[in-house]
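Please look over the structure below. The report covers strand pairing first, then helix packing.

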Amino acid sequence: MKAETTNADDFSAFLDRLGRLPTGFSRGIYEGSPYGVTIDRSTGWTKLFARELGGREIVSFNLYQTPAGEVHLRPCEMSSAKVIDFVRGFSADTAGWRNTTRWPLGGVDRP
């Protein structure tokens with residue numbers, strides 16, 4: 001979805017997908033490019049920051065849920081459509097960096 005406006009189904013799919021992404025740092029792929037993504041969560045608040053590894057693209061937003069159940073998406077200097085597209089299209093590496101990255105000495109997995 002590239003339009004500035006979003007429909008309820010797109011936003012619902014975005015929220016569902018965001019809820020399934022891992023909290024903390026993960027690596028993954030979006031539109032064929034590698035990304036590093038950090039997601040922080042707290043009661044009523046979610047923050048995502050993503051950077052294209054070896055590239056220039058950044059995706060960042062805050063998502064708030066009020067006690068009344070209203071949800072507010074606040075992209076950081078980009079369109080809502082861009083962050084919704086990213087979350088819906090990002091594929092996290094479920095194996096995690098701990099299993100794929102080795103310390104420079106001794107070939108021991110990172111703690």
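## Hairpins

In this predicted model, strand 3 and strand 4 form a hairpin with five residues between them. G54 sits in that turn and has a positive phi of about 80 degrees. Seven bridges join strand 3 to strand 4 (residues 58-65), and the two run antiparallel. K47 has N62 as its bridge partner in strand 4.

Strand 3 also forms a hairpin with strand 2, with two residues between them. In this turn, G44 has a positive phi of about 75 degrees. Strand 2 (residues 33-42) and strand 3 run antiparallel, joined by eight bridges. The bridge partner of V37 in strand 3 is A50.

## Faces of strand 3

In a regular strand the side chains alternate between the two faces of the sheet. Strand 3 (residues 45-52) shows alternating side chains. Which residues of strand 3 point to one face and are buried? They are T46, L48, A50 and E52.

## Helix packing

Helix 1 (residues 8-20) and helix 2 (residues 80-89) have axes that come within 9 Å. The axes cross at roughly 50 degrees. The two helices are therefore oblique to each other. Their crossing is left-handed.

Helix 1 contributes D10, F11, A13, F14, R17 and L18 to the contact. Helix 2 meets them with V83, I84, V87 and R88. The residues of this contact divide into seven nonpolar, no polar and three charged.

Technical notes
Residues numbered from 1 in each chain as written. Predicted model: local features only at pLDDT ≥ 70, side-chain atom pairs only at ≥ 80, totals over all residues. Heavy atoms only, no water. Axes fitted to C-alpha atoms, helices over the stretch in contact; angles between N-to-C directions. Helix = DSSP H or I, 4+ residues; strand = E, 2+ residues; numbered from the N terminus. Parallel < 35°, antiparallel > 145°, perpendicular 65-115°, else oblique. Left-handed = near helix turned anticlockwise from the far one by under 90°. Contact = heavy atoms within 4.5 Å. Nonpolar A, V, L, I, M, F, W, Y, C, P; charged D, E, K, R; others polar. Buried < 20%, exposed > 50% of the residue type's maximum accessible area, 1.4 Å probe, protein only. Pairing = 2+ DSSP bridges.
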